[in-house]
Amino acid sequence: MMMEWVKLLHISCALLSGLGFFVRGVWMLSHAPILHARWVKITPHLIDTLLLISAITLALQWSLSPFQQPWLAAKIGALLLYIVLGSIALKRGPNRFIRGAAWVAGLVCYAYIVSCALTKSSWGFITCWPNFYA
């Protein structure tokens with residue numbers, strides 16, 4: 001029963017994290033002053049910390065190892081890329097074009113991470129594409 005709550009927490013935090021990244025990217029592109037509000041800077045860190053703690057808890061409880069589960073290794077690798085892209089998009093990009101491109105790439109990366117989790121495949125959403133060559 002406890003692991004069901006941890007999984008629900010993980011899924012909820014993943015959705016909130018992605019939604020937050022999307023909204024902050026829109027604010028960044030439109031130069032919205034709210035992007036500089038203190039709660040906007042703190043909340044993503046709280047959500048992502050809960051997301052990471054719940055992920056580690058689930059992996060330990062279910063004995064999942066990225067060395068034995070290729071989809072989990074792909075998800076972790078994509079997460080690292082997502083963090084770099086998010087940093088460029090929301091903080092370190094030298095201009096709005098670079099920030100916007102990093103934001104779009106980050107959204108694609110986020111979608112890939114979620115699709116790896118849903119399909120349990122390192123191919124992620126690519127496995128859902130129709131096979132036109134069959």
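The protein has four helices and zero strands, where helices (H or I, at least four residues) and strands (E, at least two) are DSSP runs numbered from the N terminus. This is a predicted model, in which local features need pLDDT of at least 70 and side-chain atom pairs count only at pLDDT 80 or more, while totals for chains, interfaces and linings use all residues. Residues are numbered from 1 along each chain as its sequence is written, and side-chain values use heavy atoms, with hydrogens and water left out.

**The whole chain**

Begin with the complete chain in a cartoon display. Read along the sequence, the pattern is α-α-α-α. The C-alpha trace spans about 45 × 45 × 20 Å along its principal axes. Of the 134 residues, 33% count as buried; buried means under 20% relative accessible area, exposed over 50%, and partly exposed in between (1.4 Å probe, protein chains only).

**The start of the chain**

Select methionine 1, which lies in the segment before α1. Its relative accessibility is 70%, so methionine 1 counts as exposed. Next, select methionine 2, which has its place in helix α1 and is exposed as well, at 61% relative accessibility.

Met1, Met2, Trp5 and Leu8 form a nonpolar patch on the surface, with about 540 Å² of accessible area together. Patches are made of residues with over 30% relative accessible area and no salt bridge; like charges are joined within 9 Å, and nonpolar side chains (Val, Leu, Ile, Met, Phe, Trp, Tyr) within 5 Å. The salt bridge of this rule is a side-chain nitrogen of Lys or Arg within 4 Å of a carboxyl oxygen of Asp or Glu. Accessible areas come from the Shrake-Rupley method with a 1.4 Å probe, and for residues only the protein chains shown count as cover.

**Aromatic pairs**

Display the aromatic side chains next. Rings of Phe, Tyr and Trp (its six-membered ring) pair if their centres lie within 6.5 Å; planes under 30 degrees apart count as stacked, over 60 as edge-to-face and the rest as tilted. By this rule there are four aromatic pairs. One of them joins phenylalanine 22 and tryptophan 103, at 5.6 Å centre to centre with 35° between the planes, a tilted arrangement. Phenylalanine 22 lies in helix α1 (residues 2-29) and tryptophan 103 in helix α4 (residues 96-119), so this pair ties together parts that are 81 residues apart in sequence. Phenylalanine 22 is partly exposed at 39% relative accessibility, whereas tryptophan 103 is buried at 9%.

Proceed to tyrosine 82 and tyrosine 110. Their ring centres are 6.0 Å apart and their planes stand at 40°, so this pair is tilted. Tyrosine 82 belongs to helix α3 (residues 70-92) and tyrosine 110 to helix α4, and the pair links parts of the chain 28 residues apart.

**Arginine 24**

Return to helix α1 and select arginine 24. Arginine 24 is buried, with a relative accessible area of 18%. Its C-alpha atom is separated by 9.5 Å from that of tryptophan 103, which is 79 residues apart from it along the chain.

**The cysteines**

Select the cysteine sulfur atoms. A disulfide is a pair of cysteine sulfur atoms within 2.5 Å, and the structure holds zero disulfides. The sulfur of cysteine 13 has its closest cysteine sulfur in cysteine 109, 19 Å away, which is too far for a bond. Cysteine 116 is in no disulfide either; the nearest cysteine sulfur, that of cysteine 109, is 9.3 Å away. Cysteine 13 is buried at 5% relative accessible area, and cysteine 116 is buried at 0%.

**Two positive phi angles**

Most residues other than glycine have a negative phi. Histidine 31 is not a glycine, yet has a positive phi of about 55°. Histidine 31 is found in the loop between α1 and α2 (38-61) and is exposed at 57% relative accessibility.

Finally, select lysine 120, in the segment after α4. Its phi is near 55°, also a positive value in a residue other than glycine. Lysine 120 lies over the face of tryptophan 71, at 4.9 Å from the ring centre; a charge sits over a ring if NZ of Lys or CZ of Arg is within 6 Å of the ring centre and within 35 degrees of the ring normal.
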